[in-house]
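This briefing goes through one protein chain by topic. Please look at the sequence and the 3D structure before reading on.

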Amino acid sequence: MINFRKTTTYLLLAITAFAMISCSSTPSTEVDPDERIAMARKLAQKHRYEEAKKVLDGLKFTIAGTTRGEEIQYLTAEIYYRQKNFLESDSAFAAYLAGYPDGQNAADALFYQALSKVKQSERAVLGFFRIRTVIPTDRDVSFIYDARNLFSDYLDRYPGGEFSDQAAFWLETLRSKVGEHELEIISYYLKKNERKAAIRRANRILAGDHPQEIKDRASSLLKRAKSGKD
């Protein structure tokens with residue numbers, strides 16, 4: 001008599017073995033990393049940023065230790081910047097420069113990291129009939145100082161670079177912003193009748209690297225502090 005239970009078991013084992021052999025002999029259809037990078041670029045161009053980042057995230061282990069890592073890092077930073085996620089773009093551009101200080105995108109990364117700092121310092125305010133963006137000087141200006149240093153580095157390293165004119169513009173603009181911040185501190189000291197502190201701050205402006213207009217205003221505040229008049 002045929003043992004149907006054993007026959008069924010042998011048949012299932014044979015089918016499983018055949019399937020395993022078939023799978024192992026099937027050629028890999030894994031997408032080439034270069035194609036994935038190109039795909040991520042196209043997605044970013046279509047503003048499908050989250051999809052682009054997922055494609056790049058899937059490549060992190062695949063391209064570890066290869067020359068494609070530089071391109072992946074820069075593209076990731078660029079996507080964050082396009083998303084206006086300036087905190088993340090700042091960090092990602094900094095990571096690129098730390099890993100590839102002389103990379104093919106080093107100049108762009110340096111400029112856009114500086115611009116990411118500026119964007120983090122900006123605030124939207126309501127003006128006449130529209131909302132405008134300003135760089136306030138009545139709060140922490142650490143982003144402004146950091147951006148100044150980065151723009152200065154850009155001009156030192158790439159004096160004839162693509163963004164040299166823009167970097168020079170921002171460097172001068174931020175010089176004025178730092179000066180305005182210092183003047184507000186002097187005014188605060190005068191308001192609190194802390195004249196010695198106001199004098200020290202004014203003298204620091206006069207001795208520092210500030211636009212002449214800022215120094216002129218500091219000189220006026222210095223006279224007020226010394227005269228004892230409000």
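The model is predicted, so local features need pLDDT of at least 70 and side-chain atom pairs count only at pLDDT 80 or more, while totals for chains, interfaces and linings use all residues. Residues are numbered from 1 along each chain as its sequence is written, and side-chain values use heavy atoms, with hydrogens and water left out.

**Fold**
- The protein chain has ten helices and two strands, taken as DSSP runs numbered from the N terminus (helices: H or I, at least four residues; strands: E, at least two).
- From the N terminus on, the order of elements is α-α-α-α-α-α-β-β-α-α-α-α.
- Of the 230 residues in the protein chain, 38% are buried; buried means under 20% relative accessible area, exposed over 50%, and partly exposed in between (1.4 Å probe, protein chains only).
- Among contacts (heavy atoms within 4.5 Å) between residues at least 6 apart in sequence, 53% join residues at least 24 apart.

**Nonpolar cores**
- A nonpolar core is a set of buried Ala, Val, Leu, Ile, Met, Phe, Trp, Tyr and Cys residues joined through side-chain atoms within 4.5 Å.
- The largest such core has 31 residues, and F111, V118, F151, Y154 and L174 touch the most other members.
- At least two residues of this core come from each of α4 (68-82), α5 (86-99), α6 (106-121), α7 (142-157) and α8 (164-191).
- The largest share of this core, eight residues, is supplied by α6.
- Another core, of 14 residues, lies apart from it and includes L183, A218, L222 and A225.
- Leaving aside residues up to four places away in sequence, F111 touches F151, Y154, F163, Q166 and A167.

**Aromatic rings**
- Rings of Phe, Tyr and Trp (its six-membered ring) pair if their centres lie within 6.5 Å; planes under 30 degrees apart count as stacked, over 60 as edge-to-face and the rest as tilted.
- By this rule there are 14 aromatic pairs.
- Y96 and Y100 form a tilted pair, 5.4 Å centre to centre with 40 degrees between the planes.
- Y96 is buried at a relative accessible area of 0%, whereas Y100 is partly exposed at 28%.
- Y154 and Y158 also form a tilted pair, at 5.4 Å centre to centre and 50 degrees between the planes, and both residues are buried.
- Ring pairs link a cluster that includes Y74, Y81, F86, F93, Y112 and F163.

**Largest pocket**
- A pocket is an open set of points on a 1 Å grid over the protein atoms alone, where a 1.4 Å probe fits, with protein on both sides within 12 Å along at least five of seven lines; lining residues have an atom within 4 Å of a point.
- The largest pocket holds about 180 Å³ of space, the volume being that filled by probe spheres set on the points, which are joined across faces, edges and corners.
- Its lining consists of K53, D57, K60, I63, G69, I72, Q73, T76, Y80 and Y100.
- Two or more lining residues come from each of α3 (49-57) and α4, and α4 gives the most, with five.
- The lining divides into four nonpolar, three polar and three charged residues (Ala, Val, Leu, Ile, Met, Phe, Trp, Tyr, Cys and Pro count as nonpolar, Asp, Glu, Lys and Arg as charged, and the others, Gly among them, as polar).

**Single residues**
- N105 sits in the loop between α5 and α6 and is buried, with a relative accessible area of 19%.
- Not counting residues up to four places away in sequence, N105 touches E70, Y74 and Y96.
- D153 is in helix α7 and is partly exposed at 37% relative accessibility.
- D153 and L110 are 43 residues apart in sequence and 8.1 Å apart in space, C-alpha to C-alpha.
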